[in-house]
Structures are given as C-alpha cells and as structure tokens.
Amino acid sequence: TDKIDRSVELQCSQILHTGVITLKNGEEIDFKRKSASMVDLGSGNYWADSGVDPITSLLTACEFLRTEGLTTDSEFNMTLGSTALNDLQNNAKIQARGDIKDWKLDMITSPVRNAQGAALHGRISVGSWIINIWTYPQFYKSAAGVTTPYQDPKYAIITPSNPAFVLNYAGVPQLKKDGAGNPQMVGVTRGKFVFGEYFDERMASHALDVQSAPLAVPVGVDQIYTAKVSA
C-alpha cells in the first residue's frame, strides 16, 4: 500500500511540473496544460539575480490562476523547492519588504493543514492575493534506484486553496477458474486498495496481494502555475 501511495504522489508531482503522467508501462497521459502555466523566468529574472523582485512573477501567477483558472480563491498555496526557497528568503526586495509573516497552521484550510510531509514557512501578500509558502521535502526512489525529490529544487508551484483536482480509481479485474481450470473474469472491483486472498490446490500455501488502478486528474487544469525561479 505504501508503494501505491508513492506512485499516486509521483503522478501528482508530474502533473504539477509538466502536466504529463508516465504510467508503469511507459504510456503517457497529457492533460494539455497551457504553456503560459509552465514558465522559465530565465537568466536575469531568476529570484537570485540582482534587482529582481519575486513579487512581479508571483503576481503573474496569481493573475493566471484567476483569469485562466477561473478560481475565486483569494488565498493561494505555493510549494517551493529547496533552492527556490533559499533564493526567495535571500532576495533583497523581499527582505526590504519584510513581508513574509509567520502563520499558524490552524489558520490554514483543513485539507491543506492536514497534509503530511509539508512544511509551512509563512505567507506573503501579492497584489490582491495572499500566498502561503510551503516546502515539501519528500523523496522517492526512481526506477533506476535513484533517490529523487518530488519537488524540483528550482521550481515554484502555485495553486488555489481549493483547486478542482480529483483522484480516481479504475476497476481491478476479478478472476476465477471455470470448470476446466481456465481463468475467467467475473467482474471488477473499484477502490483505493483491492485485496486478494489465494490458496493453492493442496491448501499448503496462503497468499495475499493488493492491487490498485489510481489516476490523478487535474479537472481544473488551469489552476496550476509552475515556474522555474532559480538558475
């Protein structure tokens, strides 16, 4: 079940970074995110570059979520990679504003407050909006066995407080043997985890397994803004 949970988490990470999910067998599902929602600020505009004000790029993000994502939220959540957080905190314009405020978790909406693995660093005002600043220092092992962060260190990912995202589960086939001993499908079972229980013909062994067919779906696909903010 932990492996299944991590695979779902990886799907979410891929959607938030590129909008394209790569499934177990290599198939891809492209949710067709707009190019304007996935930007590279570029040299001279990265948050660590001299004279750059991060509020400018954050305002562009908020305006996209409002005009293209059609969110009515006035409060957004921003998840920063480790390099991006460091560049924001050390930015001269941000330090001059002194605008990153401490904030209690009980002031954050319940689904976000209860998220595991995330760390809240404060909030900042951006035009007509408020942005809560988070990091997500969690990792998974790639197929090649490489420990990899879910959040790219150089990126900022911004979403509304209540985005239109869902996690769907397709049916898992249920099989049994017919009179000739051939397998036949008797139906499908949907759920986060579908458990199976098996005995061999001599009743000498007892096996259990778990299956799942999850798919993360960004119904509000324009309610994600991804920016590379660090060189």
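User: Buried means under 20% relative accessible area, exposed over 50%, and partly exposed in between (1.4 Å probe, protein chains only). Is lysine 32 buried or exposed?

Analyst: Lysine 32 is exposed, with a relative accessible area of 63%. This is a predicted model, where local features need pLDDT of at least 70 and side-chain atom pairs count only at pLDDT 80 or more, while totals for chains, interfaces and linings use all residues. Residues are numbered from 1 along each chain as its sequence is written, and side-chain values use heavy atoms, without hydrogens or water.

User: What does the side chain of lysine 32 meet in a salt bridge?

Analyst: Aspartate 30, at 3.8 Å, N to O. A salt bridge here is a side-chain nitrogen of Lys or Arg within 4 Å of a carboxyl oxygen of Asp or Glu. Aspartate 30 is partly exposed at 39%.

User: How many salt bridges in the whole structure?

Analyst: Four. One of them joins lysine 192 and aspartate 5, with the closest N and O atoms 3.7 Å apart. Lysine 192 sits in the loop between E12 and strand E13 (194-199) and aspartate 5 in helix H1, so the pair ties together parts 187 residues apart in sequence. Helices (H or I, at least four residues) and strands (E, at least two) are DSSP runs, numbered from the N terminus.

User: And arginine 123, which residue does its side chain meet?

Analyst: Glutamate 75, at 3.1 Å, N to O. Arginine 123 is in strand E5 and glutamate 75 in strand E4, so this pair links parts 48 residues apart in sequence. Arginine 123 is buried, at 10%.

User: Last one. Where is lysine 154?

Analyst: Lysine 154 is in the loop between strand E8 (147-149) and strand E9 (155-160). Lysine 154 is partly exposed at 32%. Valine 229 is 75 residues away in sequence, but 6.0 Å away in space, C-alpha to C-alpha.
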